[in-house]
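This report describes the fold of one protein chain. The sequence and the structure are shown first, and the description follows.

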Amino acid sequence: MNKEHKYYCYICGEEITDANKTNEHIILNALGGHLHSNTIICNDCNVRIGEAADCQLAEDLSFYTDMLKVKKSRQNNHNQVMVDEEGHEIIVNNGGETAILRKPYINIENKDGRKRIHLKVRNKKELHDILTGMVKRKELPQKYVEEIMTKAEIEEFHPILQRQICISDEAFPSIIKSATNYYVFMTHDADAVKLLVPYIEGKADTKDVLYLYLSKTLPYIENNEQVTHMIHIEGTSKTRLLYAMMEYYSIYVYFIVFDKNYSGKDINMTYTYDVVTGKEVSRHFSFPLRFDDLEQFRNQLGQYQDYLPFVEKRVANVMNIWKRHVNQLDLGYVI
Ligand SMILES: [Zn+2]
């Protein structure tokens, strides 16, 4: 640790020392966040806050993390549970290269005095076990077991899978924390983010300061080859607003109000990380928003449906990048 500078935890104000320092990922490691710092948050605060919100955000976005095989410094195995068109649960793993039924499905129908048995199983042994059980329970005469085993066919399995994807309110403190992490990392000005600490700690309603961006355009030039996490912080005394813009997987964009009565010096800094290549990329733009603009986004929430095609276009782009890596499954997604 650099002895010439003193650093203070921006959450609790304690001086950061060799004894209480911790490696804080600016953007969650679970989302592939690469940038980290041991001079912004103390270990106590790191342990005490954010765990629930961090986990929620990681889980809400896990579809993209898993499918894009995003590199993390602490790698853990995580599989997506999705449903096929018949409602059967399917476990999708290895970045979407393989899919297996989560469990066998048995459906027995009695129709016109005849018994119809529908089975969906993972392998021959499972089929045999299920049939043997049915014989024991006198649901099936023994003589059919052999016949069914012989006739059973292994099907090429290409289900259309669906998964609901949205970021839940419980994850919002984690989004705010990434924005303040970056700001303090760059400026070491903890005072400027003081008002945001209760939101990160889950003690105040994040809707006071967090806005979903509903727009048909983005303030920067999109690069269809990239899937990015981005933190952009901008403020001028002219607009009176200091804010952060957070982007996850080139799809989800939020704004966080740092100061709606800003009178400090002009600030414009952007950190953009491409999760596909695992490299920081250069992105510079100016988006001089005023607080009224953010209020406008909130007023438009009722017309969310109008914006869905634009969000879906961005999702489709991410999925196209993924499809170049794997071609086995036809995945569906619902925003
Ligand atoms: Zn602290």
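## The three-stranded sheet

Strands E3, E4 and E5 form an open sheet in the order E3-E4-E5, with antiparallel pairing. Strands (E, at least two residues) and helices (H or I, at least four residues) are DSSP runs numbered from the N terminus, and two strands pair if DSSP finds at least two bridges between them. The edges are taken by strand E3 (80-83) and strand E5 (98-101); each has a single partner strand, so one side of each is left without a neighbour in the sheet. On average, neighbouring strands of this sheet are turned by 35 degrees against each other, direction ignored. For such angles, axes are lines fitted to C-alpha atoms, for helices over the stretch in contact, and angles run from 0 to 180 degrees between N-to-C directions.

The model is predicted: local features need pLDDT of at least 70, side-chain atom pairs count only at pLDDT 80 or more, and totals for chains, interfaces and linings use all residues. Residues are numbered from 1 along each chain as its sequence is written.

Four bridges join E3 to strand E4 (residues 89-93) in the antiparallel sense, and Met 82 stands opposite Ile 90 in E4. E4 and E5 also pair in the antiparallel sense over four bridges; here the bridge partner of Ile 90 is Leu 101 in E5. The hairpin of E4 and E5 has four residues between the strands, and Asn 94 in the turn has a positive phi of about 50 degrees.

## Strands E6 and E7

Strand E6 (residues 105-111) and E7 are paired in the antiparallel sense over seven bridges, with Ile 106 opposite Leu 119 in E7. Two residues lie between the strands of this hairpin, and Asp 112 takes a positive phi near 50 degrees. Strand E7 (residues 114-120) is hardly covered, as the count of buried residues among its seven residues is zero. A residue is buried if 20 or more other C-beta atoms lie within 10 Å of its own, exposed if 12 or fewer, and partly exposed in between, with C-beta atoms placed from the backbone.

| Strand pair | Bridges | Residues facing each other |
|---|---|---|
| E3 and E4 | four | Met 82 and Ile 90 |
| E4 and E5 | four | Ile 90 and Leu 101 |
| E6 and E7 | seven | Ile 106 and Leu 119 |
| E9 and E12 | three | Leu 210 and Ile 256 |

An open sheet of six strands, antiparallel in its pairing, has the order E9-E12-E11-E10-E13-E14. Strand E9 (210-212) and strand E14 (279-281) stand at the edges with a single partner strand each, so one side of each is left without a neighbour in the sheet. Neighbouring strands of this sheet are turned by 20 degrees against each other on average, direction ignored. E9 and strand E12 (residues 252-259) run antiparallel and are joined by three bridges. Helix H8 (residues 291-299) lies across E9, strand E11 (241-248) and E12, and runs at about 55 degrees to E9.

Asn 299 is found in helix H8 and counts as exposed, with 10 C-beta neighbours inside 10 Å. The C-alpha atoms of Asn 299 and Leu 214 are separated by 9.9 Å, although the two are 85 residues apart along the chain. Leu 214 has its place in the loop between E9 and strand E10 (228-236). With 19 C-beta neighbours inside 10 Å, Leu 214 counts as partly exposed. Leaving aside neighbours within four places in sequence, Leu 214 is in contact with Phe 297, Gln 300, Leu 301, Tyr 304 and Tyr 307; contact means that the C-beta atoms, placed from the backbone, lie within 7 Å. The C-alpha atoms of Leu 214 and Tyr 304, 90 residues apart along the chain, are separated by 7.4 Å.

## Core and overall form

The largest nonpolar core has 69 residues, and those with the most contacts inside it are Ile 176, Tyr 243, Ala 244, Met 246 and Ile 256. Such a core is a set of buried Ala, Val, Leu, Ile, Met, Phe, Trp, Tyr and Cys residues joined through C-beta atoms within 7 Å. Not counting residues up to four places away in sequence, Ile 176 touches Leu 210 and Ile 256, among others.

The protein has nine helices and 15 strands. Its radius of gyration is 25 Å, well over the 20 Å that the globule rule gives for 335 residues, so the protein is more spread out than a compact globule. This radius is taken over C-alpha atoms, and the rule is 2.2 Å times the number of residues to the power 0.38. Buried residues make up 30% of the 335 residues. The domain assignment gives domain 1 (51-70 + 165-316) and domain 2 (100-158), with bounds from an automatic or database domain assignment. The C-alpha centres of domain 1 and domain 2 lie 51 Å apart.

Key: Contact = placed C-beta atoms within 7 Å.
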